[in-house]
Number of protein chains: 2
Amino acid sequence: MAAFEVRERSLLIGGVPLPEVARRAGRTPFYAYDRQVMTRRVQALREALPRDLSVHYAMKANPMPAVVGHMASLVDGLDVASGRELQIALDAGVSAADISFAGPGKSPAELEMAVAAGITIHLESETELTRVAVIAERTGKTPCVAVRVNPDFELKTSGMKMSGGPKVFGVDAECVPEMLGRIDELGLHFRGFHIFSGSQNLRAESLVEAQGLTLDLALRLADHAPGPVETLNIGGGFGIPYFPGDQPLTLGPIAEQLEQRLPEVRARMPRAEIILELGRYLVGEAGVYVAEILDRKVSRGRVFLVTNGGLHHHLAASGNFGQVIRKNYPVAIGNRMGETNTEVVDVVGPLCTPLDVLGQQVELPRAEIGDLVVVFQSGAYGYTASPRGFLSHPEPAEILV
Amino acid sequence: MAAFEVRERSLLIGGVPLPEVARRAGRTPFYAYDRQVMTRRVQALREALPRDLSVHYAMKANPMPAVVGHMASLVDGLDVASGRELQIALDAGVSAADISFAGPGKSPAELEMAVAAGITIHLESETELTRVAVIAERTGKTPCVAVRVNPDFELKTSGMKMSGGPKVFGVDAECVPEMLGRIDELGLHFRGFHIFSGSQNLRAESLVEAQGLTLDLALRLADHAPGPVETLNIGGGFGIPYFPGDQPLTLGPIAEQLEQRLPEVRARMPRAEIILELGRYLVGEAGVYVAEILDRKVSRGRVFLVTNGGLHHHLAASGNFGQVIRKNYPVAIGNRMGETNTEVVDVVGPLCTPLDVLGQQVELPRAEIGDLVVVFQSGAYGYTASPRGFLSHPEPAEILV
């Protein structure tokens, strides 16, 4: 993978040879995240996009406190999806003004935390607005709220569609003006809008179309705003390549449209911070999952590399997290990079289930017990999005290098 | 669901009305498991099957220590799938002679624990045999081993095929005689065979066929045994119904074949305990997952019940754990059982992903905020098989009633 260098057959994570990273982790399996790769990714993004666009990190992609701390030093704000994420964001020293909280099922306790901290709550329903108003009255604090909008358009060819038609995310665009009126009446601090239409999209033209429609919608809604729009979160949805044939996203067309359209938006919303909210795109390629080969087994002519890691640690790589057709994540033998004595193998985990597969019929250098299997593109939705208690195996370590 | 009674609109778990169970759990969401339902299930199974057949509980289905403790009082032994499960089994007071450990990727540390405890290790490869022999030599202990066999047949129409062809599970049938010779040479305590061909099967005729072939294979292999066969684990694979149209498994044909064939097996292996190993079948129907409605939201004419629980707690019910087509698990409003004022709704969780669905377009009594959504058939592969860290939401409680 382009993100990582190789030295003397060994993959380098944060410039450190993989076997040394493994010793530092103290055990296998482990996730390792590379600071430099994240830093370079944010720099490249900022260089490609208009200068005055803000970039927020969506913590749900990888909420490891050390990763959040590093990301906080690179981006302009954080988006949290739960009370626990909010605590991690505050612990990282991020200012409350730069933290927002979206999610269709915020609990009363989470809303309480959000109001107390003074972060921006992205309202997803009338019920949430009422709950926030009750907290305001009881505590005397003025909550900061934005409205998450369920647009009247869809993001095409998105990995996950999250807008258009009836949706649990956000307030239907046509109901937003009424909600803005209520926010005004209730005396809440109106921050702005959050319009998010999908995720894991690799096609620039789809993102360009969605962002164009998002800006149109924001301009329409701004007419009803009870005060100046301070934040306009236009979502993200930038994908990363996982599978053979996936092409990395081209930022050019996205940047071009934003350059063209932002002047109009700025003219109409002079105080608005325009925010691109990205999770997977910022950290996904910076992480690897590493497991150790416990056994090398030949059954009826087929070679199985049995590792101590698998679907319990990395559900998405096993192909069991919402995927219809299983495809292999990119894998390698991290201590035999570039070796040419290859064979076709199945890389499997230790679980008593045929679902526990990290690589099916992949060509890899001939590997032995003790070698390290690396699964790339594992910096997002890996550790936290996996059933780590499954079959009660040990937890993987998690380190930032 | 037939397993649970209803009193005054309230589902009863262990005879206790659901709102009271929720108060006892101390929070929502929670998993609740019903002792009586497990007890009745094991009794019914024993009544249906030949009297001298042993029943083992495969702990991976539900390793909650209290559940394991209860199951240990009902069954003849436990099968563990990891070192942690082994500890829970020993803590439950089960004799080492009645505990077996299968799994294709046992770590050296786990093998060490297994030898120290004196349980039966189901060998899955030559490497494992060698590792166990080295531990025996170093510690002076005599390990108890059985051979897990990868049969030369498949279990048809199984939810998961785990035998036949090249597989990571067990030793290929044709290689077993040689391994038995090595076990003899190495002076290990030979316990018997483990032949397991699949799981979650609802068709009695498939199970009958597989068990017939399993017994044939066991009889052939017994000729090569280095000592008397003490245990013959014929696997399980009994399924439970999850989806509309699923019919519960009929035990009659299975019992009939076993009655016919066991005399021959007993004649050839007079000292063998013949073991049926079941997980999901024993506990799956005894458990419910319960979440609380946080919001009732109408988007463009569609009603969403937003709960505080979802795929992070119950991945399989969300349809994202290896399922190709999403189907609804049986769901109910546990405090409005039998109410006739129904509507069609989507039951969703709090996560920022459209995958977080517990029920899609299901007809339920009209529900309000604070009501309890119940997902049935949740006693197996629920709590431990879910990505509970996803989006850093609170863990569900887990209680045995």
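## Extent of the chain A and chain B interface

In this predicted model, 72 residues of chain A are in contact with 72 residues of chain B. The size of an interface is often given as the accessible area lost when the parts come together. By that description, chain A and chain B bury about 5300 Å² between them. Carbon and sulfur atoms account for 61% of this area.

Three residues stand out on the side of chain A: A:Lys297, A:Arg300 and A:Cys352 supply 14% of the area that chain A buries against chain B, more than any other three residues.

## Polar and charged contacts between the chains

The rule finds 2 salt bridges across the interface of chain A and chain B. The side chain of A:Arg300 meets that of B:Glu174 in a salt bridge, with an N to O distance of 2.9 Å. A:Arg300 is also one of the three residues that supply the 14% share of the area chain A buries against chain B.

Across the interface of the two chains, 34 residue pairs are in polar contact, counting pairs with both residues at pLDDT 80 or more.

## Elements on the side of chain A

Both helices and strands of chain A give two or more residues to the side that touches chain B. The helices are helix 4 (83-91), helix 5 (108-117) and helix 6 (126-139). The strands are strand 9 (144-150), strand 10 (160-161), strand 16 (287-299) and strand 17 (302-307). Strand 16 of chain A gives the most, with 6 residues.

By residue class, the side of chain A that touches chain B divides into 32 nonpolar, 21 polar and 19 charged residues.

## Domains within chain A

Chain A is divided into domain 1, made up of 6-31 and 285-400, and domain 2, which covers 63-278. The centres of these two domains, taken over C-alpha atoms, are separated by 35 Å.

Contact between the domains involves 10 residues of domain 1 and 10 residues of domain 2. Domain 1 and domain 2 of chain A bury about 930 Å² between them, 70% of it on carbon and sulfur atoms. The residues of domain 1 that touch domain 2 divide into 4 nonpolar, 3 polar and 3 charged.

Notes
Residues numbered from 1 in each chain as written. Chains lettered and ligands numbered in written order. Heavy atoms only, no water. Contact = heavy atoms within 4.5 Å. Buried area = accessible area lost by both parts, 1.4 Å probe. Salt bridge = Lys/Arg side-chain N within 4 Å of Asp/Glu carboxyl O. Polar contact = N/O pair within 3.5 Å; in protein donor to acceptor, adjacent residues only side chain to side chain. Helix = DSSP H or I, 4+ residues; strand = E, 2+ residues; numbered from the N terminus. Nonpolar A, V, L, I, M, F, W, Y, C, P; charged D, E, K, R; others polar. Domains from an automatic or database assignment.
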